Amino acid sequence: MAKEPQLLYGPGIRVDVSRALTQIIRHGRTIEWVRANRLPWLSTPLHQQLLYGTLRHYLSLERLVASHLKKPLKAKDLDIKHLMLVGAYQLLHTQIAAHAAINESVSATKTLGKTWAKGLVNAILRNIQRQSQSRPFPKWNPRLEHPDWMADKLTDQYPDKAAELMAANSQRAPMSLRINTCVTSTQDYKNQLEAAAIGYTEGPWPEALILDQPQPTSDLPGWSRGECAVQDLAAQSAGQIMMQLLSSNAVENGALRLLDACAAPGGKLFHIKEALTAAGLRHQLYALDNKAKRLDDIAHIGARLRHSTHLQKHTPISDDRQKINAEDSIVLGCADAGESPLPFTQAFDAILIDAPCSGSGTIRRNPDIRLLLTPGALQQMPPQQKRLVQNLWQHVKPGGTLVYSTCSVFAEENDQVIHSFLDKNKDAQVIPLRLDLDLVRPTEYGLQLLPTNALTDGFYYCALSKMPGLVSSS
Ligand SMILES: C[S@@+](CC[C@H](N)C(=O)[O-])C[C@H]1O[C@@H](n2cnc3c(N)ncnc32)[C@H](O)[C@@H]1O
């Protein structure tokens with residue numbers, strides 16, 4: 001827990017964080033939206049600590065503050081409520097001096113143009129401070145940091161692990177790197193980290209390193225030269241799985257044709273590119289996303305990592321290969337991967353579907369998810385996911401492979417999607433997977449990674465092979 005260098009920061013930070021929380025809670029914005037549209041609200045480590053920390057403990061802080069209020073605040077004063085939550089977070093979960101936390105919160109009422117709330121903020125935070133000193137708080141219960149429906153679902157689906165899982169959701173996520181082996185070697189990169197006095201441990205595969213402390217990317221050696229990417233080990237598992245499947249299935253003639261169907265911003269895409277290159281496997285790599293703006297993100301990140309990309313605006317995409325004249329270049333296209341026809345004339349040896357999902361496996365990294373996700377929003381995911389798998393299956397060659405992944409821990413987005421697909425597609429066969437990670441849970445059809453392994457987010461992976469000579473019934 002960082003101490004606040006108080007003189008550098010005034011009440012402005014509390015105001016920024018209160019405003020960011022209000023955007024998230026009132027308008028359903030995400031932290032990603034705040035980063036993209038209100039960057040100053042996240043501009044210092046203290047901003048980030050206060051925003052992420054308050055979101056992690058939002059529900060319990062909300063109950064605590066409410067218990068001290070004589071009457072609830074009006075809806076239009078959500079910013080004042082958020083100021084109190086941020087204040088209570090500082091008092092209970094950080095080492096920031098209590099007088100600084102309280103005084104800065106009180107001063108922030110002026111910046112918000114609500115000086116009437118000065119006395120109220122002061123009184124509530126002082127009460128909370130006194131309460132925390134005079135009698136021990138009840139034992140922390142991670143369940144209470146989740147909405148009831150989510151806690152119930154996790155308990156139902158992980159009866160033996162739910163408490164641990166919910167506790168893991170409130171931890172800070174580690175920062176893992178993927179060394180870009182097209183640009184440097186892991187050994188060289190480790191030397192650079194050591195020279196920069198940045199502590200790390202080795203990951204489960206050679207290109208993975210886990211930093212002892214999160215760092216701003218601008219402080220990482222070789223960042224601007226594209227020598228590494230930030231990528232959770234659960235997300236890096238996609239590259240491991242694809243390589244397991246492809247190395248045993250390498251085509252005899254020509255290059256492997258591969259599609260990343262939901263590719264932006266390209267984390268897994270570039271990892272696969274780097275792994276194929278390192279293994280000396282010839283390949284033609286295609287990537288789709290249904291949002292044009294996000295394809296620009298792929299191109300931008302690719303440029304930093306020194307991977308050539310080619311945005312193909314016209315269809316069919318595959319016919320343009322010769323014009324691009326580079327087996328190396330990753331061809332990007334904008335299309336709804338769940339809709340036929342897709343802009344390809346030839347099938348693929350392997351397709352990765354990293355499906356849009358609830359993100360319930362990444363709550364510790366994206367603590368806004370636990371407040372924004374609703375049962376209704378979750379219910380809308382499986383039909384989309386099923387549509388993607390069904391449509392993309394037609395583009396897998398007989399003998400080829402489809403890998404389905406999500407960053408969700410909920411069965412309805414994972415095994416249940418595959419179950420319903422297998423019901424309709426008799427030419428699909430599950431391929432058993434293995435991963436060199438602790439605490440991976442085999443499911444009926446795939447593997448479930450959980451954040452209870454401190455090093456990974458919660459991800460699901462399943463691989464299917466298309467049996468030659470059989471046809472899908474739908
Ligand atoms: C989980 S993210 C992919 C993350 C990416 N694989 C990575 O590792 O960086 C899902 C992506 O799917 C895209 N998407 C959502 N629905 C889609 C659809 N119907 N067709 C194609 N892409 C879609 C979203 O825009 C989003 O970029």
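I began with Pro265, which sits in the loop between strand 5 (256-260) and helix 12; helices (H or I, at least four residues) and strands (E, at least two) are DSSP runs numbered from the N terminus. The model is a predicted one, in which local features need pLDDT of at least 70 and side-chain atom pairs count only at pLDDT 80 or more, while totals for chains, interfaces and linings use all residues. I number residues from 1 along each chain as its sequence is written.

The peptide bond from Ala264 to Pro265 is cis, with omega near 5°. I found another cis bond between Ser340 and Pro341, with omega about -10°, and Pro341 lies in the loop between strand 8 (330-334) and strand 9 (348-354). I noted both, because most peptide bonds are trans and most residues other than glycine have a negative phi.

I then looked up positive phi values. Arg306 has a phi near 65° and lies in the loop between helix 13 (292-305) and strand 7 (309-311). Arg306 counts as partly exposed because it has 13 C-beta neighbours inside 10 Å; by the rule used, 20 or more other C-beta atoms within 10 Å make a residue buried, 12 or fewer make it exposed, and anything in between is partly exposed, with C-beta atoms placed from the backbone. Leu439, with a phi of about 60°, is in the loop between strand 11 (428-431) and strand 12 (441-442), and is partly exposed, with 15 other C-beta atoms within 10 Å.

Which residues come nearest to the ligand? Of the 19 around it, I list Cys262, Ala264, Gly267, Ala337 and Asp354, where a residue is near if its C-beta atom, placed from the backbone, lies within 6 Å. Helix 12 (267-279) and strand 6 (283-289) are the elements that give two or more residues to this shell.

His283 is in strand 6, and I count it as buried because 22 other C-beta atoms lie within 10 Å. Its C-alpha atom is separated by 5.9 Å from that of Arg257, 26 residues apart along the chain. Leaving aside neighbours within four places in sequence, His283 is in contact (C-beta atoms, placed from the backbone, within 7 Å) with Ala255, Leu256, Leu258 and Leu276.

Definitions and conventions: Two residues are in contact if their C-beta atoms, placed from the backbone, lie within 7 Å.
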